[in-house]
Structure formats: C-alpha cells, structure tokens
Amino acid sequence: MKLTGKGKTTVERVAELAVKLGGRHLADYGATRSRHDFTQRQLMACLILRAYLKTTYRGVLELLAVSPNLREALGMQGKLPHYTTLQKFSARSQVLAIADAMIRTIGRAAGAAKFAQASAAMDATGMETTTASAHFQSRAGRTRRKWVKVSTIVLGGSLLPLSLVLGWGAGQRQEPGQGVADQGQQATLPAKLYADAGYDAEWVHDQCRLDWGAESVIKPARQRADGTRSGFWRSRMSEKYLARKGYGSRWAVESFFSGLKRTMGSTLTSRKPSQLLAEAAFKVLAYTLRR
C-alpha cells in the first residue's frame, strides 16, 4: 500500500479523512434509543473503505479485524460492526444526499483556493451493473440495457468534483446537466464551464451566463443545413471560438473519470437498484478522498 508523507498508508489516510468529513454531515447516532455501539461517521467511513478496496461488506470487516492501524483511524479499537449493519446503513435513503454533500464540501474548499481563475468541466460516465464483458454480451446476443450514470462537474487544476448526481443510463432521461449543474453551483462558481456536445442547449448557456455569471464553452452538436445554429449563445460556439476559449480544458473531467475507473473499477457488484446507486456514490467519494 502506498505510504503518505507522514508514514501512513493511503488507505489509512482515506479512512481518517472519511471519518473527519463525515462528522460535518452526520449526527453521532441515528436514533436516541440505538445501542450507540458505532457512530454514523464510522459506518460511513467503512462503506467508503469498502468501495476503495473493491471488496464486500464481509471483506472490509475481515481487513479491519487484522489491521490495528485502520481500526485506530476509524476509532474502532474495540469490537467491529456486523456486516449486515453496514448493508442496512448503505440502504438508507439519505446516503446519496450525504455523499453529495461531502463531495460539495471538498469542492467548495478546492474552489475557494483559486476562485478567481477557476474553470470547471461537466460530463457524465457510466458504471456497469454486471461483470460480464462487452465482448461476451455481444457474442451472447445481449444488449446493454441498464447502467448507472454518474454526472459531475470537475474543477480544473485540482481535478476535484464539485457535485454528484446519479441516475440510470437507459429509459427516461433528465435534462442534461440540470441536477449536477444546480448542485455544483452550491459548491463554487467557476469563471468558465466547459462541456461537450451532449450539453448543447441554449438553456444551459443561459443558466451558466445569466444565473451564475460563468462563461459557458460548449461544443455544438447540430446545426442547420446552411451551417448556422439557433440561439444567441449557441450561434457563437464556432471552432475558432472554442479554441480561443481553451476548450481543451474540458478534458479535465475525462481525466477524472479515467482515474476513477482505473483506481476504483467501473463495475458495480450490488444487486438492488438503490444500493447500486449508493455503491457508485461511494466509489466517487473514495476516489476523491484518495486524491
């Protein structure tokens, strides 16, 4: 395991940060009549470690059982929770909102450091709900029906996310960027927001420029037969304009997704829809804390 500058492994550092950050968004206990064996921040940190280590509920507890340093980082020097305790905590309806709030806290701190020059990039990626490879599914005549869609805004330079919205990549779709952009605004207001052609809509430009005061730089997806485009802002998004505004900075979000999948994996192992979304959120949060 990689060592940090203070002689601690990366996983120990992730555990410490998870507990510290969780304390800002979680009460110590979920109910006054609970046994008070473990705080909510400790359980949240265990779930983040599970995602970071790409293991099961049982697996992360087995690792904690043989790792005194990790137990110390979590404040669990005594007994450990049962694996069903972690599973039930992961299934709570508030988990996704808490994970997003934790990510916004990190993004707000990163954005404040370089507010005047901040730029951000918005995009989405998919996480698979099956371990079967695309080649196997193709040979078996199966089609990709369902995957978890992870949408985020990544701050340029630091490559830290400002917001997180999770949904499904098939069926009825939300307006592109609506939720993730609204939540990203709560973290920080970048000077520029880059996006690819999937976000090509006049209302996206209006929201960025008129509501937030951020300059939108979005590659157009379509145009009329004569080469012109509708919309006041869309009509200005020529190739020369994009180049002049540094459209290449959009690759910050692609770099974030690449690191996320290389480090955390792109396959989810949960089975229930709600826990698939929770697992994806924990992967993003664990990778963010690792950075």
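Is Phe232 buried, partly exposed or exposed? Phe232 is partly exposed, at a relative accessible area of 47%. Buried means under 20%, exposed over 50%, and partly exposed in between, with a 1.4 Å probe and protein chains only.

1. Basis. This is a predicted model: local features need pLDDT of at least 70, side-chain atom pairs count only at pLDDT 80 or more, and totals for chains, interfaces and linings use all residues. Residues are numbered from 1 along each chain as its sequence is written, and side-chain values use heavy atoms, without hydrogens and water.

2. Overall make-up. The chain has 12 helices and five strands. Both are DSSP runs, numbered from the N terminus: helices are H or I with at least four residues, strands are E with at least two. Of the 291 residues, 48% count as buried. Take the contacts between residues at least 6 apart in sequence: 66% of them join residues at least 24 apart. Contact means heavy atoms within 4.5 Å.

3. Helices H11 and H12. H11 spans residues 251-264 and H12 spans residues 273-290. They pack at about 100°, with axes 10 Å apart. The helices are therefore roughly perpendicular to each other. Axes are lines fitted to C-alpha atoms, for helices over the stretch in contact, and angles run from 0 to 180 degrees between N-to-C directions. Under 35 degrees counts as roughly parallel, over 145 as roughly antiparallel, 65 to 115 as roughly perpendicular, and the rest as oblique.

4. Residues of that contact. H11 brings Phe256, Gly259, Leu260, Thr263 and Met264. H12 brings Lys283, Val284, Ala286, Tyr287, Thr288 and Arg290. The contact divides into six nonpolar, three polar and two charged residues. Here Ala, Val, Leu, Ile, Met, Phe, Trp, Tyr, Cys and Pro count as nonpolar, Asp, Glu, Lys and Arg as charged, and the others, Gly among them, as polar.

5. Aromatic pairs. The structure holds three. Phe232 and Trp233 form an edge-to-face pair, 4.7 Å centre to centre with 85° between the planes. Ring pairs also link Phe256, Phe257 and Tyr287 into a cluster. Rings of Phe, Tyr and Trp (its six-membered ring) pair if their centres lie within 6.5 Å; planes under 30 degrees apart count as stacked, over 60 as edge-to-face, and the rest as tilted.

6. Charges over rings. Arg209 lies over the face of Trp233, 4.2 Å from the ring centre. Arg58 lies over the face of Tyr83, at 4.0 Å. The criterion is NZ of Lys or CZ of Arg within 6 Å of the ring centre and within 35 degrees of the ring normal.

7. Helix H9. Arg209 is one of the buried residues of H9 (residues 202-212), along with Val204, His205, Gln207, Cys208 and Trp212. Gly213 follows H9 and has a positive phi, near 80°.

8. Ala278. This residue lies in H12 and is buried, with a relative accessible area of 1%. Leaving aside neighbours within four places in sequence, Ala278 is in contact with Ser90, Val95 and Leu96.

9. Backbone check. Most residues other than glycine have a negative phi. Lys54 has a positive phi, near 55°, in the loop between H2 (40-53) and H3 (57-65). Leu159 also has a positive phi, about 55°, in the loop between strands E2 (147-155) and E3 (160-168).
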